[in-house]
Amino acid sequence: MTPPRTQQIPVVVLAGFLGSGKTTLLNHLLRNRAGTRIGVVVNDFGAIEIDAMTVSGQVGSTVSLGNGCLCCAVDASELDTFLETLTRPSARLDVIVIEASGLAEPQELVRMLLASDNPHILYGGLVEVVDAAEFEATRQRHPELDRHLAVADLVVLNKTDRVGEEERERLRATVAGLSGPAAVISAVHGRIDPELLFDPALRPDDGEMAGQLSFEDLLRGDDHDAHEGCDDHEGCDGHGHGGPGGGHDGHLHAAYESVEFTSDVPLDPRRFMAFLDSRPEGLYRIKGFVDFGAGDRDNTYALHAVGRFLRFVPRPWARGERRLTQLVMIGAGTDAEALRRGLTACRAEEPAPGDAAEDPAVIERAMWGVLRYVPRNEDADEAPEVPGEQREAAAEV
Ligand SMILES: Nc1nc2c(ncn2[C@@H]2O[C@H](COP(=O)(O)OP(=O)(O)OP(=O)(O)O)[C@@H](O)[C@H]2O)c(=O)[nH]1
């Protein structure tokens with residue numbers, strides 16, 4: 001008798017440099033999944049799991065790998081455990097998407113998947129998201145990004161609303177030159193056809209996983225030697241990676257570190273904007289949620305800074321939600337203590353008993369500095385998720 005065929009669930013890796021738009025694309029897929037059940041594995045680089053909070057999955061289908069770069073998990077056992085959970089028949093998932101941290105080495109993730117002995121998964125391809133507006137500058141700083149494009153199966157040239165048509169076409173040609181046979185798709189806010197990911201046969205470059213590397217190809221890859229430094233997993237937790245001379249030389253995250261800041265005292269909008277205006281050059285990415293207290297009692301503000309680009313997206317506080325500011329800052333050569341001190345100085349302490357409270361008109365004016373960075377409706381993402389709900393979903397797995 002023939003044994004029943006094991007159903008294999010495709011696992012797609014979603015990669016791309018810090019702030020390129022991975023979470024935005026993932027949320028687009030989740031909102032437009034048309035009945036497809038998508039399992040999500042999120043790999044945050046910082047200790048506060050901002051990405052996990054902003055992914056809107058089905059309850060019970062999102063897991064967070066938390067703090068650190070997944071690409072350096074030597075035994076990959078945590079990933080295997082999550083994949084095992086997500087591939088259980090009771091989860092009824094059709095596809096699993098792994099959102100890599102913005103500093104992960106996608107080749108390593110692909111290797112881990114190909115090496116996994118989980119019989120229920122099937123490697124479903126590598127999607128590399130590129131920030132059209134930042135591409136040239138990022139590539140200059142990190143020439144190694146070229147090799148990420150070289151192993152992609154599908155490249156999404158995102159944020160094309162931030163460049164002109166001519167520039168977009170020029171970038172497309174450059175990216176296509178680097179990514180070989182992979183399809184290159186232009187997008188705004190990651191709005192791509194979900195079928196490009198869920199059914200590889202429908203790819204414009206005519207399917208059959210064209211351009212996808214085999215396990216052997218990956219093992220032959222140039223950066224394999226660099227990965228050998230990962231045998232020492234010490235310190236590979238997203239903090240204090242020791243700068244560019246460390247054991248993960250070939251890896252992007254070797255040069256970066258993340259700094260977290262949490263406050264239950266609201267931030268003063270004027271002071272906080274001054275902090276952002278004077279942020280150091282090396283601080284490439286800031287993300288999280290800000291409570292402006294009296295500046296806006298009704299909303300929490302999702303904050304995204306990518307390079308010099310800045311945006312706030314307000315969303316109403318959920319009932320009973322704890323009013324916190326939670327920020328993750330990712331940069332190279334930044335002074336963690338100075339950043340924390342700078343943010344602590346932004347806290348809007350309540351007036352001492354007997355002192356006059358600040359004039360509401362003054363506070364309102366101070367909020368203008370923030371509101372300038374709230375996108376107009378037509379280019380806004382859909383409202384960010386409520387963090388509390390997301391944590392519940394993650395915890396259920
Ligand atoms: N203008 C514009 N902004 C975009 C687009 N796509 C994403 N963004 C914004 O870019 C910022 C970063 O997007 P994310 O989706 O969080 O990026 P990410 O790659 O997940 O970021 P990391 O996890 O930190 O690496 C957010 O403010 C998004 O709203 C786009 O096509 N155009």
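Leu14 stands opposite Val127 in strand β5. The chain is a predicted model, in which local features need pLDDT of at least 70 and side-chain atom pairs count only at pLDDT 80 or more, while totals for chains, interfaces and linings use all residues. Residues are numbered from 1 along each chain as its sequence is written.

**Overview**

The protein has 14 helices and twelve strands. Helices (H or I, at least four residues) and strands (E, at least two) are DSSP runs, numbered from the N terminus. Of the 397 residues, 44% count as buried. A residue is buried if 20 or more other C-beta atoms lie within 10 Å of its own, exposed if 12 or fewer, and partly exposed in between, with C-beta atoms placed from the backbone. Two residues are in contact if their C-beta atoms, placed from the backbone, lie within 7 Å. Among contacts between residues at least 6 apart in sequence, 74% join residues at least 24 apart.

**Strand β1 and its partners**

Strand β1 covers residues 9-16, and six of these eight residues are buried, so the strand is largely enclosed by the rest of the structure. Two strands pair if DSSP finds at least two bridges between them. Strand β1 runs parallel to β5, with seven bridges joining the two. Strand β1 also runs parallel to β4 (residues 95-99), here with four bridges. In that pairing, Val13 stands opposite Ile98.

The table lists these pairings with two others.

| Strand pair | Bridges | Direction |
|---|---|---|
| β1 and β5 | seven | parallel |
| β1 and β4 | four | parallel |
| β6 and β7 | four | parallel |
| β9 and β12 | six | antiparallel |

**The nonpolar core**

A nonpolar core is a set of buried Ala, Val, Leu, Ile, Met, Phe, Trp, Tyr and Cys residues joined through C-beta atoms within 7 Å. The largest such core has 80 residues, and Val13, Leu14, Val97, Val127, Val155 and Val156 touch the most other members. Strand β5 (residues 121-131) gives the largest share of this core, six residues. The core draws at least three residues from each of domain 1 (9-227) and domain 2 (256-386); these domain bounds come from an automatic or database domain assignment.

Which residues does Val155 touch, not counting residues up to four places away in sequence? They are Glu128, Val130, Leu149, Val175, Ser179, Ala182 and Val184.

Strand β6 covers residues 154-158. Leu154 stands opposite Ala183 in β7. Strand β7 (residues 183-186) has a covered face, made of Val184 and Ser186, and an uncovered face, made of Ala183 and Ile185.

Lys159 lies in the loop between β6 and α7 (165-179). The phi angle of Lys159 is positive, about 60°, although the residue is not a glycine. Lys159 counts as buried because it has 26 C-beta neighbours inside 10 Å. His189 is found in the loop between β7 and α8 (195-198). His189 is not a glycine either, yet has a positive phi of about 50°. With 18 C-beta neighbours inside 10 Å, His189 counts as partly exposed.

**The antiparallel sheet**

An open sheet of five strands has the order β8-β12-β9-β10-β11, with antiparallel pairing. The edges are β8 (257-263) and β11 (309-316), each with a single partner strand, so one side of each is left without a neighbour in the sheet. Neighbouring strands of this sheet are turned by 15° against each other on average, direction ignored; the axes are lines fitted to C-alpha atoms, for helices over the stretch in contact, and angles run from 0 to 180 degrees between N-to-C directions. Within the sheet, Phe289 has Gln326 in β12 as its bridge partner.

Gly307 is in the loop between β10 and β11. Gly307 is partly exposed, with 16 other C-beta atoms within 10 Å. Leaving aside neighbours within four places in sequence, Gly307 is in contact with Glu134 and Tyr284. Gly307 and Leu18 are 289 residues apart in sequence, but 9.4 Å apart in space, C-alpha to C-alpha.

The ligand is surrounded by 23 residues, of which Gly21, Thr23, Thr24, Gly102 and His304 are the closest. A residue is near a molecule or strand if its C-beta atom, placed from the backbone, lies within 6 Å of it. The elements that give two or more residues to this shell are α1 (22-31), β9 and β10 (299-306). The largest share, three residues, comes from α1.

Helix α4 (residues 106-115) is mostly covered, with eight of its ten residues buried. Among the buried residues are Pro106, Glu108, Arg111 and Leu113.
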